[in-house]
Protein chains: 2
Amino acid sequence: MRQLTSADLNPAVLNVQYAVRGELAIKADELNEKLKSQEHKDTLPFKKVINSNIGNPQQKGLDQPPITFTRQVAALMEYPPLVDLVKDKWPSDVIARAQQLHSEIGSVGAYSHSKGIPLIRKHVAQFISERDGYPSDPEDIFLTAGASAGVSLLLNVLITPNRTGILIPIPQYPLYTATLAQFSGVALPYHLSELDGWSTSLTEIRTALAKTESQSEGQKVTPRALVVINPGNPTGALLDVQTMEELVKLCEEHSLVLLADEVYQENLHRRDAHPFHSFKQVVRRLNSPIQLISFHSISKGVFGECGRRGGYFECCNISHDVRALLYKMVSVGLCPPLSGQVGVDCLVRPPKAGEPSHSLWKQETDAIHAALAHRTQLMAARLNALPGVSCVDSPGALYLYPKLELPPNAVEAARKLGKDADTLYALELLEATGICVVPGSGFGQKDGEHHYRLTCLCPGVEEYVGMLENFHTQFLQKYGGMQ
Amino acid sequence: MRQLTSADLNPAVLNVQYAVRGELAIKADELNEKLKSQEHKDTLPFKKVINSNIGNPQQKGLDQPPITFTRQVAALMEYPPLVDLVKDKWPSDVIARAQQLHSEIGSVGAYSHSKGIPLIRKHVAQFISERDGYPSDPEDIFLTAGASAGVSLLLNVLITPNRTGILIPIPQYPLYTATLAQFSGVALPYHLSELDGWSTSLTEIRTALAKTESQSEGQKVTPRALVVINPGNPTGALLDVQTMEELVKLCEEHSLVLLADEVYQENLHRRDAHPFHSFKQVVRRLNSPIQLISFHSISKGVFGECGRRGGYFECCNISHDVRALLYKMVSVGLCPPLSGQVGVDCLVRPPKAGEPSHSLWKQETDAIHAALAHRTQLMAARLNALPGVSCVDSPGALYLYPKLELPPNAVEAARKLGKDADTLYALELLEATGICVVPGSGFGQKDGEHHYRLTCLCPGVEEYVGMLENFHTQFLQKYGGMQ
C-alpha cells in the first residue's frame, strides 16, 4: 500500500498559513518544554516563556483574573445543587441569574438550538439595541464558538472557489487569509495608512476593486465582501464615524457584504475621547440597505474568556433564505459550546448599578481597563524611543504593531536563512528573552517593511519593556546598526 | 445595489443537507413555540414535543442526569475558590482531580494548546492503551469540539474538490454526506445488509470501489478513505472482529485511510456477549501499516455531555507531515472549548474502585446503561409486532431504525406533496403525537424503501411506544392499509 503524504491532500489546505500559532509559537512551546526539564532548563538565558503572540489574557503567566460574577454563574450552571451550599454566601443576583438560565436551558450538557439558546439570543439583541439605539431581532443573532467560528462560516458560505474576492485590510488578523486559503477565496488586499495612525483609506479599497475589473473574463473574480476590523487587529486603530459612513456607501455602490469584526469594541483606552460606534448603528442611521454581518466575542474586552469559545454574529439586512442557509450549516456542527453561550449571556448582561455583584464587577473591570491602558501607553512610548522603531500609540485592541528599520546585515542574514527579516528578529528575541511575538509577515505589510505584533497583556510591564529594549540594542550591535 | 441571494453563494454549501436538524426539527420547534403560547396550545393534540430526532440525552424532557463526578470537577474548574466551601462536603477525589487539572491548565478562560491540553492528551493515550493493550502516543491525539469537528477537519484535509471519493455506509449519520457536500467530495456509498442485522459487506465496498475504476479519465475520482461507524448510527450494529480485519486488509489493498467513528463504543446493551473492539487494536494486532483516524466523543455513551462539545481523535500510522498540517488547521480555530476538554479528562479517567466517588459513579452509569438497554429492547419488540414494521434489535448505539412498508396510497400522497413517503409518515407522526423522528431519506436507503430513526432516550417508554403504536394503526387506516 501507498502511505498518504501531504502531497495527496487538499491543495487549498496546504496553502493555509496562520502565523499567530506558527513557527514562533511552535519554537516557544519547545523552549517551554526545555524549561520544564531538569537537564536543559539552565542552558537558557531566561526563566520563563512569555507568550505575547496571542491575545490570551487569562493564560498562565499573564493571569488576568476572570470576572467573578461570570464564574460563579458558570459554576452553578455546571452543578445546580451547589446552590444549597452557596445561597447565603454568594450574591443574590448570581443565584437569580443562574436559576433563570437553568430554568430556560436545563442542563449545560445538552445540545442547544443550533443558533444558540433563544433566551440568550434575546439578551444579545437587547444589548445591541441599547448600545446602538436601533432595534435588533433575536432571529438575526447566531451564537458561535468564538468570533472565529462565525467568520469561518460566513467565508465558507460567501466564497465560490476561485471566483469570489474578499477585500481584507493589510495588516490583518491572519484568520482572514488562512480562511480565504482554506475555502479558495481570492484575497483583495487594501493597505491601511500607518503614517495616519493606521487609518482606513477609501482610495486603497477602490484601487483594489479596480484591479478585479481589469481582469480578463476567464479569471474574473467577483468582489463579494469587505472585511473591516474595528478596533483594528493588529493595529489598534479606531475608525471615525465619517469613514464608517463612507465605507457603508462604498458597499452600497459595489453590492458588497460588510463583514465587521468588532471583537475589540470594549478595548478602548481613551473611551471618552474615542468612543466605539458599531457599523450596525451607522447602517441604520443612514437607512442603508447594505448587508452587514457584525461579529463579537467573549474572548477579548476585559472579559477575556477565550477558553469558553463564545461569541455571536448579527445579520443585518440579510434575507430569510440566506439566514436559513446559515442555520443549515451551523446545524451540521450541532451547537456552540454551552459554556460559551452562558459566557455571552454574562457579557451582554453584566450586573447593573445597585445589584449586589455590581461593585465587585466594576472594580474588576475597571482594574483590567486601567492596566491595559497603562501598559499600552508605556510600551508605545518606550518602543518609540528606540532607534529604528516607530509605533502608533493606538487607542484600542490588545496589541501594538511597531515598525522596525532593520540593519542591512540583518536583512541579508535573514535572506540567507530563507526567512523574512522580521521573522529573524522575532526568533532572536524569543531565544534571548523568552518573549514570543509574531513577525509582521504574518499580518501583511508593504514590501521591504518590517513589523511585529505584541500583546499588551504582560504584567510587570517595566521589566518586560526593559527586556525588549536590551534585546533591540544588542540586535543592532550584532548586525552593525543602520550604517 | 443588488441584494445577495442564495444563488450568489457557494454552490457546494447549497448542496448540503442535514436531516437530523432539517424539516422535521424545524417543524418541531414551531410546535414547541405553539405549546408555549396561551392562544395556540389547546389547538394541538399533545402536551409536549418529544425530540427523538437527535441523540441528546440531557435535553429537557429526557433529562438523563449528568454524572456527578464530572460536574463537581467542572464547577471547581469554573470557580477555584469554591474549594473552600466544598472541601469537607464533596468527595476528596473530586477536589484532588480539580486541583491537579487547575495546576496544569490554569484558567479555563484561557486558550489551550490547539491540539488540546497536553496532560489531558496524555490521559487519553493512557485510556486507549489500557482499552486496547497497545501503546498510544499523546502526540497522536487531537482534542476536538465533539467528534463532528474532528470529522469535518479530516474530510476538509483529505478532499481535493471533485476529485476525492470517500466510501460511506448507507444508511449513515448525515454528518458525512453533509460534510462531503460542503467540501465537494464525492460520496462512494456502500449499502449495509439490513437482513443480516445491518452487517457490513466487503462485497458492497468492492462494488463501490469498482465503479470508480470504470470512470473515464476526465471525471476520475480517487477513493481516499473508508468511513466505518461502529457501533453503527443509525443502525446500532456492532462489527465482529473478523469483518474488522477484512476491512483493514481492504484498506491496505486500496491505500485507503480508515476513518473509524467509534463514538458509541460505550453504548452496548449486551456487553458480555458483544464486547467492543477498536480498529486501533485490530490494526496493531495485525501489525498493519494502514492509516487510521479514530474518533470518540463525550456526547454519547452514558456521559451524554453534548453541550460541552468535547471529543478527540487518534492518528495511527499518520506521518509527521500530515499531523503538522492537521495542527496548522486546528490552530486557525485556536482551541477546542475547555469545558469539553475537562469533560474528556473525566470520560477517560472515571473514579476507580475504592475511590470516594466510585460507588455513586457506578450507580449512576449502571442506571443509564440499564435504562437504555431496557428501552431499546422493549421498543424493538413492540415495533416489530406492528403490521408493516420490521426493526433490527441492535446491540448498540442510542437508536432504532425501523423499516416501514407503507400503503401505496401513502406513497402516492407523499409524491403529490413532493416528499418522500417516510417524510410524510414522520410529519404526520409529529403532528399527531409531538414525537419528532428523522425519516430514512436523511440517512440513505435503497430506492423504494422507507425507514425512520428514533432515539431510545425517552423516559416513560411504555406510554411513548403506545403513542407510536396508535399513530401507526391510524396511519394505516387513513391510507387504506397495504391492500
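Modeller: Let us start from one pair of residues, keeping in mind that the model is predicted: A:Pro439 has A:Tyr452 in E14(A) as its bridge partner.

Colleague: What makes E13(A) and strand E14 of chain A a pair of strands?

Modeller: Pairing asks for at least two bridges between the strands, and 2 bridges join E13(A) to strand E14 (residues 452–455) of chain A, so the two count as paired by that rule. They run antiparallel, and they belong to an open sheet of 3 strands in the order E10-E14-E13 (chain A).

Colleague: Why are strand E10 and strand E13 of chain A said to stand at the edges?

Modeller: Strand E10 (399–400) and strand E13 (438–439) of chain A each have a single partner strand, so one side of each is left without a neighbour in the sheet.

Colleague: How do you know that A:Arg323 and A:Asp140 form a salt bridge?

Modeller: The cut-off is 4 Å between a side-chain nitrogen of Lys or Arg and a carboxyl oxygen of Asp or Glu, and the closest N and O atoms of A:Arg323 and A:Asp140 are 3.3 Å apart, so the pair meets the rule. A:Arg323 lies in helix H12 (residues 320–332) of chain A, while A:Asp140 lies in the loop between helix H6 (118–132) and strand E2 (141–144) of chain A, so the pair ties together parts that are 183 residues apart in sequence.

Colleague: Why is A:Arg323 called buried, and what is said of A:Asp140?

Modeller: Buried means under 20% relative accessible area; A:Arg323 has 18% and A:Asp140 has 14%, so both carry the label buried.

Colleague: What makes B:Glu253 exposed, and what label does B:Arg206 receive?

Modeller: Exposed means over 50%, with partly exposed lying between the two limits. B:Glu253, at 52%, is therefore exposed, whereas B:Arg206, at 38%, counts as partly exposed. These residues also form a salt bridge, their closest N and O atoms being 3.1 Å apart. The pair links helix H10 (residues 241–254) of chain B, which holds B:Glu253, to helix H9 (residues 202–213) of chain B, which holds B:Arg206.

Colleague: Which residue forms a salt bridge with B:Arg285?

Modeller: The partner is B:Glu245, with the closest N and O atoms 3.5 Å apart. B:Arg285 lies in helix H11 (residues 279–285) of chain B and B:Glu245 in helix H10 of chain B, so this pair ties together parts 40 residues apart in sequence. At 39% relative accessibility, B:Arg285 is partly exposed.

Colleague: What is the area buried between chain B and chain A?

Modeller: That area is about 7,500 Å², of which carbon and sulfur atoms give 57%. The contact takes 93 residues from chain B and 94 residues from chain A.

Methods: Residues numbered from 1 in each chain as written. Chains lettered and ligands numbered in written order. Predicted model: local features only at pLDDT ≥ 70, side-chain atom pairs only at ≥ 80, totals over all residues. Heavy atoms only, no water. Contact = heavy atoms within 4.5 Å. Buried area = accessible area lost by both parts, 1.4 Å probe. Helix = DSSP H or I, 4+ residues; strand = E, 2+ residues; numbered from the N terminus. Buried < 20%, exposed > 50% of the residue type's maximum accessible area, 1.4 Å probe, protein only.
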